[in-house]
Structure formats: structure tokens, C-alpha cells
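Hello,

Here is the model for your set. Please look it over, then read the notes below.

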Amino acid sequence: MTQLPQTTGLGFKPEHFHAILAQPGAVGFFEVHAENYMGDGGAPHAMLTALRTDHALSIHGVGLSIGGAGGLNHDHLDRLRQLIDRYQPASFSEHLAWSSHGAAWLNDLLPLPYTQETLVTICTHIDQVQDRLGCRMLLENPATYVTFDQSTWAETEFLTEITRRTGCGLLLDINNVFVSATNHRFDARAYLAAFPRAAVGEIHLAGHDTEELPSGPLLIDSHGAPVADPVWALYAYVLEQTGPLPTLIEWDTAVPDYPVLLSEAARAKAILAGLQKGQSHAA
């Protein structure tokens, strides 16, 4: 695989297809969910083929259930390999989560206890994925709403150990960090300071919903709103530590018109440009 360009990208939505063709080069790359392109043909593949002609591509999986206690679904893994062979993306990523048990598909990204047992399971699965796909994958940190008394690792330590054992990279979702930090009342900057930043190959930014409870705010990683100001601040903080990184704007529910997404991407690009300008002056 090549690498994603160190600029901004958008999650591709079919309703934006013609607007994208009318403004080539408006963003540096697009990301698609792998499971939407596992059929043989039709309009989805026709649009993705056209999109791929002029743009770098990131393929983001939501169905591998890497944290599942059972084995991986090898038919699903084979379909992923076919997709990667067909489109030659610059990145493939999945989630630190589980979503299936036996034949049951739960249609969600569910949390895990961070234990020695789950560490071994996840590393075994990542090894299998990277061997079958023939590439280094990125693993995304989750947004969580519960924690487990059984956990014996901090999430950042758990992710660090996964990268050490498997050689995989990480997808840092900064909105997920802010959602989890708010829900579990920890310091997002302390989490990011402990995050294995050298392994990060892509950043995700997204919006969230807020529900006020008697115990305090509960944030939901909805992907249906603009990126919140505290998340933008954390994004700038991370880039100060890492330097420029490919950055995706995710917006998957109540999808707005294309110019709204371009505006979000432009805000991220301005932060990236400010960082690069500062680095140039320092040199």
C-alpha cells in the first residue's frame, strides 16, 4: 500500500457523487465502508471506480469483529481481500471492538474488557488480517459508554501493546477520545499524551450528540453533527505533537449537502496548514 496524503479527506456518500466530480481535487482522499462494496457490481462499484481514478482511497471496515471471542469470518476476510485487490487503497482500517458472536450479527461496535485474554485474541486476529490482506492495517480506538471491572490494562497501554506485538498502525479518532473522556470523567489530554502517537496513520474527526443526565453529560458518537469546538482543540493539540497526519471528516447520519462537509474539511486543512507554516518558519 502507498500512504494517504497528509491532508484532509471525507467519507464518501453516494448523494455527493456528482458534486465531487464537479469539484475535483477539493479534498485529498475519500474513505468508504468496506461492507458497502462487497457486491459484484452495480452503481456502488461504478461510482467508486470513478472516484478512485482521481483520489486516494481509504477503506474502513466495520464488520470484522476483531475483538470477538470466536474466530474471524474468513469469507468476510476473503471479500475484503478482493476489495483491496480491486481498488488498491492507501489505507485499510478496522475497530477495537466486537460485533458478532457465532452466527449472530449485532450491527454495532461493542466494547471489550482490556485483559490478557482479549489482548491475545485481538493480536491473533490482527495477524490473520494482515497476513490475508497482505498489508499493515490501522486499528481505531473506540468511543465507549461502559467500562469493565475485569480490565487490567489502560486503553492506551492496551493499544501500545497491540502495535508492539502485531506491527499494526493506529487510527486515532479524536471525537471518540472526547466522547469516552466525557462519559468516564477522565482527562482527554492525558489520554492523548499516553497514546502511542508514533503508530498513528490517520485521524478521524466527527460530531457527537449530548444527553444531559442527573449524573452529568452523556455523549453519543453519532457522526451526525459538526465537529465540536473541544474536539477541534484536541486535534490541534495532537498535531502539535505528531506533525501533519491524514485527517478524515466523518458524517454518517443526517448527511448534509456536500459544501457543509467541504467546510469542515477546510477547517481541518487550515489547522494542518498553520502547523506546516509554523514548522517552515522554525526550520
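Buried means under 20% relative accessible area, exposed over 50%, and partly exposed in between, with a 1.4 Å probe and protein chains only. Helices (H or I, at least four residues) and strands (E, at least two) are DSSP runs numbered from the N terminus.

This is a predicted model: local features need pLDDT of at least 70, side-chain atom pairs count only at pLDDT 80 or more, and totals for chains, interfaces and linings use all residues. Residues are numbered from 1 along each chain as its sequence is written, and side-chain values use heavy atoms, with hydrogens and water left out.

Helix 8

Helix 8 covers residues 229-242, which is 14 residues. From first C-alpha to last it reaches 20 Å, close to the 20 Å expected at 1.5 Å a residue. That expected span is 1.5 Å times one less than the number of residues. Buried residues in helix 8 are V231, W232, L234, Y235, Y237, V238 and L239. An α-helix has 3.6 residues a turn, so residues three or four places apart point the same way. G243 follows helix 8 with a positive phi, near 85 degrees.

Parallel strands

Two strands pair if DSSP finds at least two bridges between them. Strand 1 (residues 8-11) runs parallel to strand 2, joined by 3 bridges. G9 sits opposite F29 of strand 2. Strand 2 also pairs with strand 3 (residues 56-60), in the parallel sense, over 5 bridges. There V32 faces I59 of strand 3.

Why is strand 2 (residues 29-33) largely enclosed by the rest of the structure? Because 4 of its 5 residues are buried.

Strand 1, helix 1 (residues 17-22) and strand 2 form a right-handed one. Strand 2, helix 2 (residues 43-54) and strand 3 form a right-handed one too. Right-handed here means that, with the strands pointing away from the viewer, the path from the first strand over the helix to the second runs clockwise.

Hairpin

Strand 5 (residues 98-101) and strand 6 (residues 104-110) pair antiparallel over 3 bridges. W98 has L110 in strand 6 as its bridge partner. The hairpin has 2 residues between its strands, and G102 takes a positive phi near 60 degrees.

Surface

V146 lies in the loop between strand 7 (138-140) and helix 5 (155-166). V146 counts as partly exposed because its relative accessibility is 44%.

Regards
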